[in-house]
Amino acid sequence: MNTLRVARTLQSRGLASSQMLTRAASTTTTSAASSVIPVSNIEAQWETLTSKEQTEVYEQLLEAQKRDWKTLSIDEKKAAYYISFGPHGPRKPVDEPGSGLKVFGLTMGIVGLAGVAFAGIRSFGGEPPRTLTKEWQEASNEIAREEKQNPLTGITSEGYKGKGHVA
């Protein structure tokens, strides 16, 4: 880059010819082309490359894809596919393989703790309320019949065969 910059400066001052500028540009291009990153096994290298190197590989593959696809090597085709559709960046899987069993185990542990907490709270609850006894519920059925509650579909309707208030 410095050679090209110096040649442009000299040309703007009238001290260099266009031939010198062309030679400097070709030297810069060949030095950039020599730093081409190999695309073989790009899947293993991609995460270790800097963003600048990733951009260079991407641009290199864009140029390669402009040619006939039959002339591309297998490595170039694989690299182009990996860069376009591979599991990196936003397409990287959130969960690592084997995490399903861990999630299942933790879920079952939490459900088990909830069951233990429920049983512990119930054990300190004491007797059930008197309105849950069978005698109370049968008395509620008798009151409902006497007061003719819900005559369309309930306990006082014709042909009723349900339990009423008895659970």
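1. Read along the sequence, the chain follows the pattern α-α-α-α-α-α-α, and its secondary structure comes to seven helices and zero strands. Helices (H or I, at least four residues) and strands (E, at least two) are DSSP runs, numbered from the N terminus. The model is predicted: local features need pLDDT of at least 70, side-chain atom pairs count only at pLDDT 80 or more, and totals for chains, interfaces and linings use all residues. Residues are numbered from 1 along each chain as its sequence is written, and side-chain values use heavy atoms, with hydrogens and water left out.

2. Of the 167 residues of the chain, 18% count as buried (under 20% relative accessible area, 1.4 Å probe, protein chains only).

3. The largest nonpolar core has 10 residues: Ile37, Val39, Ile42, Trp46, Leu49, Val57, Leu61, Ala79, Tyr82 and Ile83. Such a core is a set of buried Ala, Val, Leu, Ile, Met, Phe, Trp, Tyr and Cys residues joined through side-chain atoms within 4.5 Å. Helices α4 (51-65) and α5 (74-85) each supply at least two residues of this core; α5 gives the most, with three.

4. Leu61, one of the core residues, is in contact (heavy atoms within 4.5 Å) with Val39, Glu76, Ala79, Ala80 and Ile83, leaving aside its neighbours within four places in sequence.

5. Across the chain, residues 24 or more positions apart account for 28% of the contacts with a separation of 6 or more.

6. The accessible surface of the chain (Shrake-Rupley method, 1.4 Å probe) comes to about 13,300 Å², of which 60% belongs to carbon and sulfur atoms.

Conventions
Buried means under 20% relative accessible area, exposed over 50%, partly exposed in between (1.4 Å probe, protein chains only).
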